[in-house]
Amino acid sequence: MKIQRNSPEGRLPDFLLVGATKTGTTSLDFYLSLHPEIHMARPKEPRFFIDDKESAGRWHRGIDWYRALFDSEKTVCGEASPTYATWPHRQGVIERMHAVVPRAKIIFVVREHFARLRSSYLMKMRYRGCEDSFTEFLENSVEAIDASMYGLQVQNVLRFYPLENVYVLASEDLQNRRQETLAKVFDFLGVDSSFRSPLFAHRRHVSTWHRYPNALGRRLLRTQGMARLEVELPSSVFYHFRNLMNWLLPGKKPSTGLPAEIEENLRSKFRNDTVLLQELMGIRFPALTR
């Protein structure tokens, strides 16, 4: 990869961690940031390439705002915005990305489909006060299903980026074979693959610490006032404020069971998509074929 060095206009990322949500991208972003040759954009998830017409989008902030995130003399720099990989729910993301950083390397993390979907649902309960059952969530959330179609997402990326610029890893490998997996990612990025850190033992956003809001807490999470706080407060401050509220207004963890027919229909859909992913990348992903 030709490294995009600083220019009079500023620097752009050499790689992007584009997805999928709830697969361990926060932990991977953290591990990458520990490497002395890697600069990761802060705050995490710039979401620059998402259309500004969407609430999560920041395309309107402009290229100068984006360049400012990569003010570093380190060998490579990158960013992690897992919501980039939700095509076709979100249109034009990879197109904008390719127009701005056509030589960038792309990293994609996959996780066993139902584990990822359960995690997405529980996050929506904790963060957005979702009132849906797990079944209703899957019926109503096109984005959640699209993000689980890993083969479809990678196929969309490969419309714009060559295969040698795309790396797919399994969340389960990052969890169970962390040193080996990170060495492969470092090698892909062209930095010292022998780097080790004692902080590699740390995991971010461990689910055992999560608390779920009661009915009052869920109503508060859905208010306009909460939405304004999310915009006005620094992301780290709002994150801890919201978590504190869930601790003060605790409820029960919702069920994530599914009717057999719905589960089997999804499993069939995911099996076909996994075949596509494995054909595209030329490798197997055992965690997705259990």
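Modeller: I begin with Gln-224, which is found in helix α11, residues 224-232. Helices here are DSSP runs of H or I with at least four residues, and strands are DSSP runs of E with at least two, numbered from the N terminus. This is a predicted model, in which local features need pLDDT of at least 70 and side-chain atom pairs count only at pLDDT 80 or more, while totals for chains, interfaces and linings use all residues. Residues are numbered from 1 along each chain as its sequence is written, and side-chain values use heavy atoms, leaving out hydrogens and water.

Gln-224 counts as exposed, because its relative accessibility is 59%. The cut-offs are as follows: buried is under 20% relative accessible area, exposed is over 50%, and partly exposed lies in between, with a 1.4 Å probe and protein chains only. From Gln-224 to Arg-42 the distance is 26 Å, C-alpha to C-alpha, and the two are 182 residues apart in sequence.

As a general rule, most residues other than glycine have a negative phi, and most peptide bonds are trans. The bond joining Arg-42 and Pro-43 is cis, with omega about 0°. Pro-43 lies in the loop between β2 (38-40) and α2 (62-68). Glu-45 has its place in the loop between β2 and α2 as well; its phi is positive, about 65°, although it is not a glycine. With a relative accessible area of 21%, Glu-45 is partly exposed.

Glu-45 also touches Ala-80, whose other partners include Leu-17, Asp-29, Met-40, Lys-44 and Pro-46, if residues up to four places away in sequence are not counted. Contact here means heavy atoms within 4.5 Å. Ala-80 belongs to strand β3, residues 76-80, and is buried, at 1% relative accessible area.

In the loop between β1 and α1 is Lys-22, another non-glycine residue with a positive phi, near 60°.

Strand β1 (residues 15-19) leads on to β4, since the two pair in the parallel sense over 4 bridges; two strands pair if DSSP finds at least two bridges between them. Gly-19 has Phe-108 in β4 as its bridge partner. Strand β4 also runs parallel to β5 (residues 166-170), to which 5 bridges join it, and Val-110 stands opposite Ala-170 in β5. All 6 of the 6 residues of β4 (residues 105-110) are buried, so this strand is largely enclosed by the rest of the structure. Both of its faces are covered, with Lys-105, Ile-107 and Val-109 on one side and Ile-106, Phe-108 and Val-110 on the other.

As for the whole, the protein has 13 helices and 7 strands, and 50% of its 290 residues count as buried.
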